[in-house]
Amino acid sequence: MKETKRRRSRVKASIAAALFVLAAVLIARTLGPGRTSPRVSALAGLEIDREKAAARLAEYIRIDTSTPPGIPRDGTPAYLTLLIDRYATPLGLEHQIVDGRSLLLRWRAPPSGERPLVLLSHADVVPVADEERPLWHHAPFAGEIADGFVWGRGALDNKGSTICALEAIAALKRAQIAPRRDILLLVVPDEEIGGNEGAALFVRDHLALLEQPIALIDEGSFVIPDQIPGKNLVAVAVAEKQYVTIRVTVDGEAGHSSMPTPANAPAALTRALARLMAFELPTQRPLPVERLFDRISDHSSFGQRLLLRNRWLFGPLIERMLSRGAAGNAMLRSTHALTVLRAGIKDNVVPAHAEALVNFRLLPGDSRDQVLAEVRRVMDEPAVKIEVINAEEDTPITASDGPLWDGLEAVLATAIPDAVVAPIVSPGTMDARRFARAGIPAYRLVPFTADAGERQRVHGVDERVSLDNLEQAIRVYAHLMRYL
Ligand SMILES: [Zn+2]
């Protein structure tokens, strides 16, 4: 009797001790110091002409470069003439037109043997639908400057960054500050329709012109002010998801809808799709996401930090909470969406054929074949045929540690106020992927600060960029050119 009591109290004591150790570990990790970003010395003599930048951007927006229909192949496109006449010639930049519609500009650094830095942007914009035009407060291709903003299609995506990079060169030249390495600006014509003729041909035929650059900076993310209270999350996309579309088809028997048979194609297809839509691929935490959590935890409340800094214990809980939102879900798992459904022509005819398109966005490193095997298993419908109709290769993740990342972080932390610099995985695809696959470290960031409302204007109504943002981006690019 006494023996059991003693044993019980010993068990209680060891549980209490274990809990105490656990609490001590959790709290020690929670209270540990965070990362302090490295810095560069700010370029004090830089005079940024934001009014001129705004006027030039407005001019660039007035050249309608919507794709589709796309930029004509004959003659020199108007946007190339604009960039050459307004910038390349007066600034004395070497320039060449590549494949008729891409532009490569080079600002030579004093000889140093350093590899060049590439800034990539695209000249085309998504079209504005006729029914959306009346909703714009300033016509999308009028290039108006009002209320501290430049308004128009392309202001954020992606004409703004081209102009800001060129204005950064102008500002550095005025201040007689030389770049650390050759600066290459590459402007391509067709990113919004997949980049098959711009970036793809460039990578295939002209990659040597970039002379094995140290890094490439493209669009793909913004500075996010509404994520960490009092801070600007400088979210640098170092990876992007893999784009795969499959066609799912069922061929059955056509017939009269008054006497349906079990071999009903639309019925079999929708059964399979219902199972697929109810299914989710497992959550994961790719390396950039782990680093993002680390950076966010440095600036979180005690409770959030407790969770974020003890992911060895709370990881599944964090994943469950974050994956409830669309953005968190896209960050933590490979996703799939049903995008097209086709079957039937008349309400009393059972069609022989039914098909659907399902678009997958796979996390870096996920195997397409394994995912498709899983899809087949989940659908569990023998009549279903699956065929891959559009697939991109996996894109390597750019390192978010080491000297190059530290250099980038130092520049961003210096040139952007209250910056918390962190890597992310972009859920979208952009031209940078082609260069990343060719082995070039690719970072995706346009250094405009844009909250959720502003970001919605990308491809939306009333796209605009503030003059404050133009100034910030010029400052960032100038520091990148000088220091990275
Ligand atoms: Zn874009």
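**Legends: domains, core and a valine within the predicted model**

**View 1. The two domains of the protein.** The protein is divided into domain 1, which covers residues 50-220 + 430-483, and domain 2, which covers residues 240-391. The structure shown is a predicted model, and in it the centres of domain 1 and domain 2, taken over C-alpha atoms, are separated by 34 Å. Along its principal axes, the C-alpha trace of the protein spans about 90 × 80 × 45 Å.

**View 2. Helices, strands and contacts of the chain.** The protein contains 15 helices and 18 strands, and of its 484 residues 39% are buried. When contacts between residues at least 6 apart in sequence are considered, 80% of them join residues that are at least 24 apart.

**View 3. The largest nonpolar core.** In soluble globular proteins, nonpolar side chains tend to be buried together. The largest nonpolar core here has 112 residues, and those with the most contacts inside this core are Ala168, Val234, Val236, Ile474 and Tyr477. Helix α4, which runs over residues 159-174, provides the largest share of this core, namely nine residues. At least three residues of the core are drawn from each of the two domains, domain 1 and domain 2.

**View 4. The surroundings of Val234.** Val234 is one of the residues with the most contacts inside the largest nonpolar core. If its neighbours within four places in sequence are left aside, Val234 is in contact with Val223, and also with Leu412, Ile416, Ala419, Val420 and Val421.

Terms used:
Residues are numbered from 1 along each chain as its sequence is written. This is a predicted model: local features need pLDDT of at least 70, side-chain atom pairs count only at pLDDT 80 or more; totals for chains, interfaces and linings use all residues. A nonpolar core is a set of buried Ala, Val, Leu, Ile, Met, Phe, Trp, Tyr and Cys residues joined through C-beta atoms within 7 Å. A residue is buried if 20 or more other C-beta atoms lie within 10 Å of its own, exposed if 12 or fewer, and partly exposed in between; C-beta atoms are placed from the backbone. Helices (H or I, at least four residues) and strands (E, at least two) are DSSP runs, numbered from the N terminus. Domain bounds come from an automatic or database domain assignment. Two residues are in contact if their C-beta atoms, placed from the backbone, lie within 7 Å.
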